[in-house]
Amino acid sequence: ISFPPREGDSLLNRDIMGRVFPNLLGNLTEMPEGDDVKRSFHHRMFLEPQEKKRSMKALVVKQAKKTCSCTPARIKDYVFSFFPVLQWLPKYKLREYLLGDVMSGVIVGVLLVPQSIAYSLLAGQEPIYGLYTSFFASIIYFIFGTSRHISVGIFGVICLMVGQVVDREIQRAGYDLEPAALSVLTDTAASVNTTISAVNQTSQKLLCDKSCYAITVAATMTFIAGVYQVAMGFFQVGFVSVYLSDSLLSGFVTGASFTILTSQARYLLGLDIPRSSGIGSLIATWINIFRNIHKTNICDLITSFLCFLVLIPTKELNEHFKSRLKAPIPVELVVIVAATLASHFGELRETYGSSVAGHIPTGFLPPHPPDWSLIPNVALDAIPIAIIGFAITVSLSEMFAKKHGYTVRANQEMYAIGFCNIIPSFFHCFTTSAALAKTLVKESTGCRTQMSGMVTSLVILLVLLVIAPLFYSLQKCVLAVITIVNLRGALRKFKDLPKMWHLSRVDTVIWLVTMAASALISTEIGLLVGVCFSMLCVIFRTQRPEAPLLGWVAESETYESLSAYKNLQTKPGIMVFRFEAPLYYINKECFKSTLYKQTGVNPVWVKAAKKKAAKRMLREKEVDSGGNQTSISMDFVSEPLGFHTIVIDCCAVQFLDTAGIRTLKEVCKDYGEIDVQVLLAQCNPSVRSSLIRGEFFKEGEDHLLFHSVHQAVDFALGAQGHSGTSASKN
């Protein structure tokens, strides 16, 4: 479309048309007449960049004033945002919300009691500490959390990671020594005041028994993990969770589930073998199990088998009829009560030597600070625990918030889960996070607000004050069965692998690598391997991206991949090339090689061939060869390439670095030397700015940045037509 000047047009009218039709009227430095208008006209748009104020001093002063201003309204907003309960509790709709919250709170509390006791074994703790953890976590999240639905408490993977560190520190402290050696070590330390520092340290640690020292280690690590999480919230570094993709987290949880299952297998068989930890603990544990398989306690084995027969079908029925059931059947509690009664009246411990939960005290122990001397030992182990804890909590809270149409603040969620670890660490608790299974139960049973969490805490409080001692005769194998049955969801992910492979092969490979590393090496190293491998996958995908030639969709201004769609047209003498990745130092060579391959012309080779042909022609002249050979050489030198313009579609190039800018310069220079013009189209503002700062354009050439591929093609056709006309006139 062109607008040739007409008689009577004023400059004002043309200016108005240029403002009204910015996509149609371009920058006309000259107004040729007749057909030359169409040839010289290209639709150049004028975009005036925003002025950016880059005064660092002004920015710092503005931010300082904003941060340090202290007004009553600002204090009120800060308090209300830090304690979300003050916002929603006064607006609580008693008649509308209370019934659902009470019902879901009671049901989750009933389910949480047996799981708290079972997961305590997984964390290497006495059963009472699992109840403490669930009790305090629900109350603290009620105060600080922004999600209405998630259930915060014990989580199997976190318990496993805590238990591995606890076992390691117990071994370091000497609690797993033989009784005779332990007594000799203690007597020696008592008789010789200061002989060897290691002996003195061990004797001091032995003033606290094994279970006491185990919860001390767990509480100290919980405190450090909570500090990390609060620090992440304060410095707003929640972006770390971005590196934990869904496939990575799923693979990590599934791999950790194998480790959990392995750690509980010895309880199923009633074997008294040491718990393996460190690299390759899964394989080492199974080797120990098969070496001691002849020592299996038949009573525990039969009890485990019967519990599986009851729990698995009932759990499946709960899932199958969850839409019809108002509340899931509390089969775990029923199994625990029945197993406790059978063990107590059948005297299974005394008769068959079954391992039981033992004495569970009532009430609360006095608060005790973490052991500060243990912080150097567990500070590094707390990092992956903190990251996994807040990543699962934030992802679950955002998922259910989106489902129910409200918003959560990820930063506040990090504060909430951090305080759910810091405060309970003074009350003999271990690390907590949100848990998917209990959250799903909570949501499906009518939960409306976190008031249901308070009801759950009351149910656990009743157990702590009254019911806990009644579980003395409960067999540990029953708790192990409950733990293993709850792993069904993670282990079922193997059924989704074909679908995942169909959707994304890269995500499937990430899942498999993370799962295998978490199971076969260790949970912490498995998480690290998964993160590193997923980042490498991103790098590899940008290193060799898709880079097709494009064709024109008839009767439109759209260009699409020739390899993906049929019936696309190409403009004579023009090739359109799209690079679908950022152009930076890693893939710059891939960009050049793919461009040369797709166009079929490597300008470096063409230049070399021309020079070689020219030299041969000179030699032939010197030798005074025949004229036919000279003409052949001249024809070879001037052989046409089949195209005169390359348009590079940069719509998928998110950014350029210095290597990318230098690569584009080299490409333009090399093709220019063989009379091929290179045009850039659809560059985003960041890429445009990088090109200008990198002095990509010579003076006066910045108009060769086009806002669409169609515009660049039109310009190339017009320029070629104009040059062809000029040549014919000459």
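Two strands are said to pair if DSSP finds at least two bridges between them, and in this predicted model 6 strands pair in this way to form an open sheet with mixed pairing, in the order 4-3-5-6-7-8.

**The sheet and its helices**

Strands of a sheet pair through backbone hydrogen bonds, either parallel or antiparallel. The edges of this sheet are strand 4 (559-561) and strand 8 (705-706), each of which pairs on one side only.

An unreviewed UniProt entry lists several stretches as "transmembrane region", including residues 97-119 and 508-536. In the model, residues 97-119 are 100% helix and 0% strand, with end C-alpha atoms 31 Å apart, whereas residues 508-536 are 93% helix and 0% strand, with end C-alpha atoms 14 Å apart.

**Aromatic rings**

The count of aromatic pairs comes to 28. A pair of aromatic rings is described by the distance of the centres and the angle of the planes, and the table gives these values for two of the pairs.

| Pair | Centre to centre | Angle between planes | Type |
|---|---|---|---|
| Phe 135 and Phe 364 | 5.4 Å | 45° | tilted |
| Phe 258 and Phe 494 | 5.9 Å | 75° | edge-to-face |

Phe 135 lies in helix 7 (residues 127-144) and Phe 364 in the loop between helix 16 (348-352) and helix 17 (375-378), so this pair ties together parts that are 229 residues apart in sequence. Phe 135 counts as buried because its relative accessibility is 10%, under the 20% limit, while Phe 364, at 37%, counts as partly exposed. The other pair also links distant parts of the chain, with Phe 258 in helix 12 (residues 246-269) and Phe 494 in the loop between helix 23 (488-491) and helix 24 (497-503), 236 residues apart. Phe 258 is partly exposed at 28% relative accessible area, and Phe 494 is partly exposed at 33%.

Elsewhere, Tyr 78, Phe 82, Phe 83, Phe 144, Tyr 415 and Phe 419 form one aromatic cluster. Rings also meet charges: the charged end of Arg 148 sits over the ring of Tyr 406, 4.3 Å from its centre, and that of Lys 571 sits over the ring of Trp 552, 3.9 Å from its centre.

Conventions
Residues are numbered from 1 along each chain as its sequence is written. This is a predicted model: local features need pLDDT of at least 70, side-chain atom pairs count only at pLDDT 80 or more; totals for chains, interfaces and linings use all residues. Side-chain values use heavy atoms; hydrogens and water are left out. UniProt positions are given in the numbering used here, feature names are shortened, and annotations may be inferred rather than shown by experiment. Helices (H or I, at least four residues) and strands (E, at least two) are DSSP runs, numbered from the N terminus. Rings of Phe, Tyr and Trp (its six-membered ring) pair if their centres lie within 6.5 Å; planes under 30 degrees apart count as stacked, over 60 as edge-to-face and the rest as tilted. Buried means under 20% relative accessible area, exposed over 50%, partly exposed in between (1.4 Å probe, protein chains only). A charge sits over a ring if NZ of Lys or CZ of Arg is within 6 Å of the ring centre and within 35 degrees of the ring normal.
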